[in-house]
Structure formats: structure tokens, C-alpha cells
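Here is a briefing on one protein chain. Please keep the sequence and the model in view while reading.

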Amino acid sequence: MNIALLDDNIDYHQFLSNIIHDVLKSEDLTYTIDCFSDTKRFMNKCEQYDVVFLDVELGEENGIDIAKKITQSDIIFVSSHKNYVFHAFHVSPFSYILKQDEKQARSEIKRYVAYYKHMHQSITIQNQDILLSHISYFSQYEHDRITHIHSKEIIEKGKTLKEIHALLPKYFIQINRSEIINMYHVENVKRDVVLMDDGTQLYASRRREKILMKAFIEMLENKL
């Protein structure tokens with residue numbers, strides 16, 4: 001994971017870097033942290049970063065305007081002031097951290113790490129490494145297991161749905177005997193009806209409705 005900090009307060013570089021190191025030391029991730037106080041120097045390298053911790057106020061510059069130029073990285077805004085929150089969300093950042101709130105910073109960094117792992121974890125299907133984040137759901141039809149990736153389907157024989165479920169992280173939920181869904185591709189849940197983000201409707205068995213709803217709420221609260 002490549003991380004950048006863009007802030008004109010050098011002391012805050014050290015403060016936030018220490019928190020990031022502390023959170024990531026127990027994670028199985030290789031990472032780098034680069035600190036910038038000069039916007040021009042950062043912009044020359046910005047495309048190489050997975051996430052940028054960006055100060056909303058950079059001297060006379062506006063961090064929100066800078067964020068609009070960053071197209072390849074996730075953005076986590078940092079600020080000393082709550083009143084910038086709503087303005088900052090116009091550029092769809094991942095999160096917003098108040099500089100004086102160390103507990104919040106740790107929480108948001110942990111949440112980003114979970115998101116990063118979700119986006120980069122893969123599984124081998126028909127000798128292809130496929131990102132789990134691209135998989136909407138798995139289904140079983142007779143002896144075929146089908147992997148649904150957006151509008152594409154990969155059909156194969158081999159591992160059963162039960163065997164594949166054992167290899168998946170907890171945000172993949174089995175909703176009936178023949179389907180396992182990626183909760184991050186769920187648009188909505190109404191009792192036993194699951195609406196996926198591609199418009200597909202799936203149906204949960206009665207005994208799995210509570211499990212499904214609990215997972216959906218946890219996803220909305222970013223706890224999965």
C-alpha cells in the first residue's frame with residue numbers, strides 16, 4: 001500500500017505517520033508513507049498512491065480543489081475544523097479525519113485498511129486470479145458452479161459451493177442453498193429479497209433472512 005500525506009504542518013506529518021505505522025504493524029501488508037508539504041512536488045508523484053491524507057487547508061491553497069485533480073487515489077481529508085466536512089464530501093472522499101481526534105484517526109485508518117484488502121484480495125478461478133471485489137455472487141446449478149462478475153459468468157466444475165465458501169472472507173454471505181453473495185454488491189435488502197447493484201434480484205431462504213439482514217446492516221455501518 002502506497003500512502004501519501006499532504007499537509008503544510010510538519011509536526012502533523014509525524015503524528016499521523018506514527019498512528020498509521022501503529023495501525024499497520026499488525027497487518028500483513030507492505031506499505032510506504034511519503035510526506036509532502038509542497039503541493040507541486042506531490043502532484044508530480046500523485047498517481048502512484050493508493051490513498052492520500054489531504055489537508056483541507058494548505059496555506060493559501062484549497063485541499064478540496066487539489067482533490068479534484070487526484071484521479072487515481074482514494075482521499076481521506078484531514079482538518080482541524082468540523083465545518084469543512086460537508087464541503088469536502090462534494091468530491092467523494094473515503095473519509096474525513098479531525099486532526100485533534102486520535103481515536104477517530106485510528107478508526108478510519110483501520111476502516112480503510114479493511115477496504116483496501118477487500119479491493120485487492122483475489123481468488124483463482126479457472127487458472128485466473130480474479131479480484132473478489134469484482135465478484136457479485138456465486139451460484140450452484142446441478143454440478144456447475146457459476147461465478148457472476150458484473151454481466152459475465154464463469155461456469156466450472158470442481159469445488160462445491162460449501163468448499164468455495166470456506167475460502168471467502170466474511171462479507172460473502174450464503175443466502176440459500178445455491179447462492180453466496182458479496183455484500184458489497186448489494187443495493188438493498190427487503191425481508192427475503194436481495195437487490196444486487198446490477199439489478200439482479202435474489203431470494204434468501206427463511207432461515208437465512210436474519211443472517212442476511214445483520215450482514216447488510218453491518219455493511220452499511222462499515223463493520224464488515
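Accessible areas come from the Shrake-Rupley method with a 1.4 Å probe; for residues, only the protein chains shown count as cover. On that basis the accessible surface of the chain is about 12,900 Å², and carbon and sulfur atoms account for 47% of it. This is a predicted model: local features need pLDDT of at least 70, side-chain atom pairs count only at pLDDT 80 or more, and totals for chains, interfaces and linings use all residues. Residues are numbered from 1 along each chain as its sequence is written, and side-chain values use heavy atoms, with hydrogens and water left out.

**Overall build**

- The chain has 7 helices and 17 strands. Helices (H or I, at least four residues) and strands (E, at least two) are DSSP runs, numbered from the N terminus.
- Along the principal axes, the C-alpha atoms fill a box of roughly 65 × 35 × 30 Å.
- Of the 224 residues in the chain, 44% are buried. Buried means under 20% relative accessible area, exposed means over 50%, and partly exposed lies in between (1.4 Å probe, protein chains only).
- Contact means heavy atoms within 4.5 Å. Among contacts between residues at least 6 apart in sequence, 46% join residues at least 24 apart.

**Charge on the surface**

- The chain carries 28 positive and 33 negative charges, and their mean positions are 8 Å apart. Lys and Arg count as positive and Asp and Glu as negative, while His and the chain ends are not counted. Each charge is placed at NZ of Lys, CZ of Arg, CG of Asp or CD of Glu.
- A patch of negative charge on the surface brings together D8, D38, E57, E60 and E61. Patch members have over 30% relative accessible area and no salt bridge; like charges are joined within 9 Å, and nonpolar side chains (Val, Leu, Ile, Met, Phe, Trp, Tyr) within 5 Å.
- E61 sits in strand β5 (residues 61–62). E61 is partly exposed, at 40% relative accessible area.

**Salt bridges**

- A salt bridge is a side-chain nitrogen of Lys or Arg within 4 Å of a carboxyl oxygen of Asp or Glu. The count by this rule is 11.
- E108 pairs with R111 in a salt bridge, with the closest N and O atoms 2.9 Å apart. Both belong to helix α5 (residues 102–120), 3 residues apart, so about one helical turn separates them. E108 is buried at 12% relative accessibility, whereas R111 is partly exposed at 23%.
- D144 and K157 form a salt bridge at 2.6 Å, N to O. D144 is in strand β11 (residues 144–149) and K157 in the loop between β12 (152–156) and α6 (161–165), so the pair ties together parts 13 residues apart in sequence. K157 is exposed, with 62% relative accessibility.
- R145 and E156 meet in a salt bridge at 2.0 Å, N to O. R145 belongs to strand β11 and E156 to strand β12, so this pair ties together parts 11 residues apart in sequence. Both R145 and E156 are buried.
- D22, K25, E102 and R106 are joined in a network of salt bridges.

**Two single residues and their surroundings**

- I173 lies in strand β13 (residues 172–176). I173 is buried, at 12% relative accessible area.
- Beyond neighbours within four places in sequence, I173 contacts E179, I180, I181, M183, I211 and A215. From D74, 99 residues away along the chain, I173 is separated by 27 Å between C-alpha atoms.
- K45 is in the loop between α2 (39–43) and β3 (51–55). K45 is partly exposed, with a relative accessible area of 33%.
- Leaving out residues up to four places away in sequence, K45 touches D34 and F36.

**Backbone with positive phi**

- Q126 is not a glycine, yet has a positive phi of about 50°. Q126 lies in the loop between β8 (122–125) and β9 (128–131). Q126 is partly exposed, at 41% relative accessibility.
- N127, also not a glycine, has a positive phi of about 65°. N127 is in the loop between β8 and β9. N127 is exposed, with a relative accessible area of 79%.
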